[in-house]
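Okay, everyone, let's get started. Have a look at the model on the screen, and I'll walk you through a few parts of it.

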Amino acid sequence: MEGEPEKIEAYLAKAVSQAGICAVEAAGSKLDAGLLYDKTLYHLKALLGEVTRLSIGSIEAQEPLERYGIDSIMITQLNAKLAESFGELSKTLFYEYQTLRALAEHLVAEYAPECMQWVGMSTDKERVEETAATARYAEEESTQIAGQTIAEEAAAKSRSYVEPIRSYAELGAEETREPIAIIGMAGKYPGSRDMNEYWENLKAGKDCVSEIPQERWKLEGFFQPDKQEAVADGKSYSKWGGFIEGFAEFDPLFFNIAPREALSMDPQERLFIEACWEAMEDAGYTREQLAVRHNSRVGVFAGITKTGYELYGPELWKMGAKIFPQISFSSVANRISYLFNLQGPSMPVDTMCSSSLTAIHEACEHLYRGECELAMAGGVNLYLHPLSYVGLCANQMLSVDGQCKSFGKGGNGFVPGEGVGVVLLKPLSKAIADGDPIHAVIRGTSINHGGKTNGYTVPNPTAQGELIRSALERAGVHARTISYIEAHGTGTELGDPIEVTGLTQAFRKDTADKGFCAVGSVKSNIGHLEAAAGIAGIGKIVLQMKNRTLVPSLHAQELNPNIAFEQTPFVVQQELEEWKRPVVELDGETREYPRMAGISSFGAGGANAHVIIEEYVPEEKMPIRVTAHHPVIIVLSAKNEERLKQQVERLLSVIGKGEVTEGNLADAAYTLQVGREAMEERLAVIAESLPKLVEKLQRFLEGHDGISELYRGQVKRNKEALSALLEDEDMEKTIAAWIGKRKYAKIVNLWVKGLAMDWSMLYGDAKPQRISLPAYPFAKERYWITDIKTKQASIESTKSVQPTDIFVDQKTPETAANISQKYEKESEDPNSEAIPSYIQNIQSHISTSVKMKKMPDISYLAAEYERIPSTMVDNQAYSEQDGTTRGTNRMRRLTDEGNE
């Protein structure tokens, strides 16, 4: 700085100013920034004191605002009062700046003219604006030559955020990492049994939220429409949710699990098992291929946060049933590794609402570190017990009208939602080399925590912005090239503005452009899936990319008035429209960029995750022609004949939808040959064209015999007959000779009887591509804990376990004295019809928790159940409410003896 007096003067002025606010002399005008800061801070104290009813003297500039009991209602009042003097300000200021000192610095730095008018220092607005601009320029100059002063360091300690990391332009290309390919994908969501139905619902803009199904629990005694009364009485003011069909269905024998063990498993674990299988098949892999080609080095990362299934246990034990419903988050991931024989990392991830995106982040990191070659990652979420709703209502988190109004006016909370989703991941270069189907690629991921805020569940917009910047820069992606954001968007009055503020902060580092990026949230369609919210959003993004279409976000015809979208890069997507690739000018070059999207998930406890996804455009290859001289061999198999017929029906369905055509028929045949496990019941068809294949499969379903070049067989029935051939060391040479002579009938005739066939021998080096085809049709057997009926219950009232019994005919919790008197009566009269003490204790605990603004203690509630005395009942009884399997056979299957 020697020899530059102007810069030295600027530096010294900045160093002695209060909290980094400089006093600069420019153009003959003087702005006493220190005095302006003092007066602005005083006015902020007076404003906070007015709202909180505290004296100005008791309010400290450096104290976190949460110390003064600030909440969302107070923030709304403060915003309204500031708007009277400042006009349109961000509605999230009190979330971005957590002390009055930090807020005063921000206002003086960015709104100096308004501050001076507010505190009465000047009415010459133009002169103030000119002076403020000169002051900011001088401050920037001094920062370049002097770095951070002592005053800046002190101010930094009081700030609630970290300085933004480098922009895209500052990031070296060598720091970006290889994208991760999504090679398999599966999911089940409200109103959708698979990803195809999910897409149809999204495309139609369907609201899949409904009332709580009767099969879950009764609304009687559980639902109280008046919000305040519901909270006070320990009930739910919400009766809506996004529920999946068949939540309790499972095919245990497919996975060699005893039905009785399946009944004890949390339905979330069962759903995740089937979803992982479907994702594996979607990628065209089998368990054997994962072991042989990848040495079983496959990781499993399962996002899960919901409990509740175990709460049914005590009621069952009271009646003497020896069933132990349980949930182990570790088991959700570990059982996949066990059943699929996977030897990579295996871990559950619980970061609340960001669990599945965090699981995907962890999967990508483990792939980068070489700790696995592939990774299964996703999440699952079910609402299995009414206490989950009661707890959320106690904290007033749920919507009062059953709508999740993401970015819409009148947002008042989220709607609970259910679902399960899984993706199979592999580094892009390896996926291309292995000929894997690629749905999309993950360009970058990032996780962080919001740190200390105004409350445990209060989000931090600046931390969210830093999260998104980190993901963009890890990916080496310029924010201007992002054309869609799948937002967290829980539909709350201030939560959504906080999210938009964080997004805007992240994008502003790269561009000042406005209105170029669509934003939406699938929560408006299916509710908030908590642990599975992220994977549901990724599924939506990938489907939009594959179909080159943006789908509407619902319930936002009138936008949230607390969000000035016209001042942001974002536009709420409200219609079905083509998703065009953006054409952007960067560094003087204008070109078309691929479709790219970001997705955010923010956990209620502050754990955040963001993922950047890009479309994948494969190289076009010449289709393999199918002729009479070069026919295709379609092979299907299943555990039993019923499932085999469903396999045929599913294949015909995708042919009818145009997903399998003459152009990719050879690919479909190859996928079914190498990408599906060969099971007991087998069918093979040799076809010279797609119409011929359809004709033969339809005739098979109609029950015709003697269909030309259609072969059927069972493995067990032909096991002995094939044993000699299987042991023949020349069998492989024989098969090779048949292939050379195109004697395919001999090959498939042996395959349907149990021959293990290496189908790659048919193709040599020019192999077709594996494509996405329908997964295995699992048996839909119902295993639900409340279906169990004890002998005593059957004789007396045929009443099964009902989770809402604790709410029926309940009044406001009585005094401790009355509860004690009732308990004494119960002890004297075992047949008393009085309300049991454990139920009253539960109600009392919930009510007390609500008054203290705390979540009810689930462990305490479960402990109260354990005080119930058990009685002698028939442990084998089971209700057949689904009507699919009845009688002695079903009873036998509920024991380990019934398991194969």
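So, helix 15, residues 329-340, lies across strand 7, strand 8 and strand 9, and runs at about 150° to strand 8. Quick note on words: helices (H or I, at least four residues) and strands (E, at least two) are DSSP runs, numbered from the N terminus. Angles run from 0 to 180 degrees between N-to-C directions, and axes are lines fitted to C-alpha atoms, for helices over the stretch in contact. Contact itself means heavy atoms within 4.5 Å.

Before I go on: this is a predicted model, where local features need pLDDT of at least 70, side-chain atom pairs count only at pLDDT 80 or more, and totals for chains, interfaces and linings use all residues. Residues are numbered from 1 along each chain as its sequence is written, and side-chain values use heavy atoms, with hydrogens and water left out.

Now, what is the strand order in the open sheet of 11 strands? It goes 8-7-9-10-3-11-20-19-12-13-15, with mixed pairing. Two strands pair if DSSP finds at least two bridges between them. Strand 8 (346-349) and strand 15 (570-572) each have a single partner strand, so one side of each has no neighbour in the sheet. From one strand to the next, the twist averages 25°. Strand 12 and strand 13 (residues 517-520) run parallel and are joined by three bridges; for instance, Ile 485 has Val 519 in strand 13 as its bridge partner.

Arg 480 sits in the loop between helix 19 (461-475) and strand 12 (484-486). Is Arg 480 buried or exposed? Buried, with a relative accessible area of 17%; the cut-offs are under 20% for buried, over 50% for exposed and partly exposed in between, using a 1.4 Å probe and protein chains only. Its side chain makes a polar contact with the side chain of Asp 513, at 2.8 Å. That term means a pair of N or O atoms within 3.5 Å; within protein, one must be able to donate a hydrogen and the other to accept it, and residues adjacent in sequence count only if both atoms are side-chain atoms.

Last stop: three strands form another open sheet, in the order 21-22-23, with antiparallel pairing. Its twist averages 15° from one strand to the next. Strand 22 (residues 681-687) and strand 23 share five bridges, and Leu 683 is partnered by Arg 712 in strand 23. Helix 23 lies across strand 21, strand 22 and strand 23, at about 140° to strand 21.
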